[in-house]
Amino acid sequence: MFKKLAPSILDVDFTCLEKELKTLESGGADLIHLDIMDGNFVPNISFGPKIVESIKSKTSLPLEVHLMVEKPEKHIKPFIDAGGDIIIVHYETSKHLDRLIQTINEADVKSGIALNPATPLNVIEYLTNKIDLLLLMTVNPGFGGQKFIPEMFSKIEKARKIIDNQKKSISLEVDGGINFDNISKVIGAGAEIIVVGQIISKSANPEMTIREIKNILK
Ligand code: DX5
Ligand code: ZN
């Protein structure tokens with residue numbers, strides 16, 4: 001299984017966004033992870049569609065939009081119009097998840113569901129033939145630089161088994177607290193797309209750090 005690296009730009013220097021994106025590209029990032037936070041579903045506020053549109057104009061890498069917002073149905077179209085290639089919604093934010101996923105699929109972009117650490121895997125049982133991606137949060141969403149929750153190793157393993165039993169291919173992604181000490185174990189448990197934030201953005205040499213991570217993913 002080909003493993004992918006999705007750096008999160010949450011904690012990069014936004015005054016040099018274009019340069020930051022070039023660094024991620026030249027290091028070998030496979031896609032760009034965009035953390036959208038509304039100050040309601042999660043305590044933090046990040047950025048909106050306008051910034052995503054600017055990012056789209058400066059990179060050819062696919063953009064995945066991780067929506068950590070209340071009332072996600074209001075925000076799907078603006079982020080698709082801004083250039084999002086994969087739209088990921090949190091199970092915990094919607095009373096009508098099936099409808100939400102349908103809306104994304106009808107817009108002809110990829111759809112994903114994110115689950116908070118405490119949310120069980122069975123909530124996606126009737127959606128597995130409709131989504132392209134399952135994102136397991138390995139920290140409580142809201143901030144970069146948090147500690148990986150160790151119970152998530154077995155959740156990744158369980159999710160891998162569920163996904164392998166599906167006809168539809170679903171990518172398994174993990175997000176939060178991934179570092180050089182746990183990345184091999186996370187991959188071993190069955191994760192396929194790895195979101196990495198601060199260990200890249202706070203590194204003295206982000207490009208080299210991406211290369212090092214990519215080497216582990218090979
Ligand atoms: C957390 C975000 C993550 C975060 C990852 O709410 O969804 O994408 O930026 O950052 P690190 O790798 O620093 O935990
Ligand atoms: Zn994220």
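Are H66 and D175 buried or exposed? Both are buried, where buried means under 20% relative accessible area, exposed over 50% and partly exposed in between, with a 1.4 Å probe and protein chains only. This is a predicted model, in which local features need pLDDT of at least 70 and side-chain atom pairs count only at pLDDT 80 or more, while totals for chains, interfaces and linings use all residues. Residues are numbered from 1 along each chain as its sequence is written, and side-chain values use heavy atoms, without hydrogens and water.

**Zinc site**
- H33 (NE2), D35 (OD), H66 (ND1) and D175 (OD) coordinate the zinc ion (ligand 2) at 2.0 to 2.3 Å; donors are N, O and S atoms within 2.8 Å of the metal (3.2 Å for Na, K and Ca).
- H66 lies in strand β3 (residues 63-68) and D175 in strand β7 (residues 171-175), 109 residues apart; strands are DSSP runs of E with at least two residues, and helices are runs of H or I with at least four.

**Helix α8**
- The buried residues of α8 (residues 206-217) are P206, T209, I210, I213 and L217.
- Seen down the helix axis, these residues fall within an arc of 100°, so they line one face of α8; the arc is taken from the directions from the axis to the C-beta atoms.

**Aromatic pairs**
- There are 2 aromatic pairs in the structure; ring centres of Phe, Tyr and Trp (its six-membered ring) must lie within 6.5 Å, with planes under 30 degrees apart stacked, over 60 edge-to-face and the rest tilted.
- F14 and F47 form a tilted pair, 5.6 Å centre to centre with 50° between the planes.
- F14 is partly exposed at 32% relative accessibility, whereas F47 is buried at 10%.

Methods. Chains lettered and ligands numbered in written order. Expected span 1.5 Å × (residues − 1).
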